[in-house]
Amino acid sequence: MKKVAILTLLALAAAILSCGTRTPTTTVETTTSGNWEAQLVGGIGPASQLNFLTQFRLTNVNGASEPLSITGFGFFNLGPCFVSVPPPAGTASLNTNSANQVPPPAGTASLNTNSANQVTGSMTYTVTSATPAGNTLTLTTGTSGGVSGTASGTPGTVLVMTNGVVWGGWTLSTTNSSSGCTGSGTFLMCQGAATCTVP
């Protein structure tokens, strides 16, 4: 009987101690928006002229990958690879349910904010041409890129990311015979600025 009582007390003590050492889970919600300017380096001919400006919003919880809500997009120099691009979803009535519809610019990102309010993460961004059909530009942070920024806010509120920088690699592929519409290189995307640097 004594052994049973001692074992019961030990089990109770272990349960109480384990409750006291648990770290409460917290939800970190980070949001970003505004103008982002993408500068692409590399490529030859038309594939070397793909710098663009985009506007998007993203609210991210605990670093989960979420779709970008893209509200604006435009190349600085329209060339033969992208004579036209469908407008971002929801900005015009050109979107239909046709099986041949060209998707508008799209992307996903994940943002992680640490206790020092530094933001890190990853992103992909894809642009598909409407005219000529079949050209796709893909930007991705991959293994050699990333996302960096500063978050502001108080605990328990949505943290707002500013001074954002995204960097990585880009590829341009085609399913047609568009001359010069293939290539690859690196990119730098700056939040609210024409220039920025990789941290």
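Predicted model: local features only at pLDDT ≥ 70, side-chain atom pairs only at ≥ 80, totals over all residues.
Reply: Happy to. A word on terms first: on a 1 Å grid over the protein atoms alone, a cavity is a set of points where a 1.4 Å probe fits but cannot get out, and lining residues have an atom within 4 Å of a point. Residues are numbered from 1 along each chain as its sequence is written, and side-chain values use heavy atoms, with hydrogens and water left out.

Me: Which residues line the largest cavity?
Reply: The lining consists of Pro-46, Gln-49, Leu-50, Phe-75, Asn-77, Leu-78, Gly-79, Pro-80, Cys-81 and Phe-82. These divide into 7 nonpolar, 3 polar and no charged. Here Ala, Val, Leu, Ile, Met, Phe, Trp, Tyr, Cys and Pro count as nonpolar, Asp, Glu, Lys and Arg as charged, and the others, Gly among them, as polar.

Me: I see a cysteine in there. What does Cys-81 join to?
Reply: Cys-81 is joined to Cys-181 by a disulfide, S to S 2.1 Å; a disulfide is a pair of cysteine sulfur atoms within 2.5 Å. The link spans distant parts of the chain, 100 residues apart: Cys-81 is in the loop between β5 (69-75) and β6 (106-113), and Cys-181 in the loop between β10 (159-174) and β11 (183-191). Strands (E, at least two residues) and helices (H or I, at least four) are DSSP runs, numbered from the N terminus.

Me: Is that disulfide left-handed or right-handed, and why?
Reply: The torsion about the S-S bond of Cys-81 and Cys-181 is about -100 degrees, so the disulfide is left-handed. Both cysteines are buried, where buried means under 20% relative accessible area, exposed over 50%, and partly exposed in between (1.4 Å probe, protein chains only).

Me: How many disulfides are there in the whole structure?
Reply: There are 2. Cys-190 and Cys-196 are also joined, with S to S 2.0 Å. Cys-190 is buried at a relative accessible area of 0%, whereas Cys-196 is partly exposed at 22%.

Me: Switching to rings. How many aromatic pairs are there?
Reply: The count is 7 aromatic pairs. Rings of Phe, Tyr and Trp (its six-membered ring) pair if their centres lie within 6.5 Å; planes under 30 degrees apart count as stacked, over 60 as edge-to-face and the rest as tilted. Trp-36 and Phe-56 form a stacked pair, 5.1 Å centre to centre with 15 degrees between the planes.

Me: Why does the pair of Trp-36 and Phe-56 tie parts of the chain together?
Reply: Trp-36 lies in strand β2 (residues 35-42) and Phe-56 in strand β3 (residues 52-61), so the pair ties together parts that are 20 residues apart in sequence. Trp-36 and Phe-56 are both buried.

Me: What about Phe-73 and Phe-75?
Reply: Those two form an edge-to-face pair, 5.0 Å centre to centre with 85 degrees between the planes. Phe-73 is buried at 18% relative accessible area, and Phe-75 counts as buried at 12%. Ring pairs also link Phe-52, Phe-73, Phe-75, Phe-82 and Tyr-125 into a cluster.

Me: Last topic, the backbone. Which peptide bond is cis, from Thr-131 to Pro-132 or elsewhere?
Reply: The bond from Thr-131 to Pro-132 is cis, with omega near -10 degrees. Pro-132 is in the loop between β7 (118-128) and β8 (135-140). For background, most peptide bonds are trans, and most residues other than glycine have a negative phi.

Me: And what is the phi of Asn-163?
Reply: Asn-163 has a positive phi of about 55 degrees although it is not a glycine. Asn-163 is placed in strand β10 and is exposed, with a relative accessible area of 55%. Asn-117 has a positive phi too, about 60 degrees, and is found in the loop between β6 and β7.

Methods. 1 Å grid on protein atoms, 1.4 Å probe; cavity = no way out; pocket = protein on both sides within 12 Å on 5 of 7 lines; lining within 4 Å.
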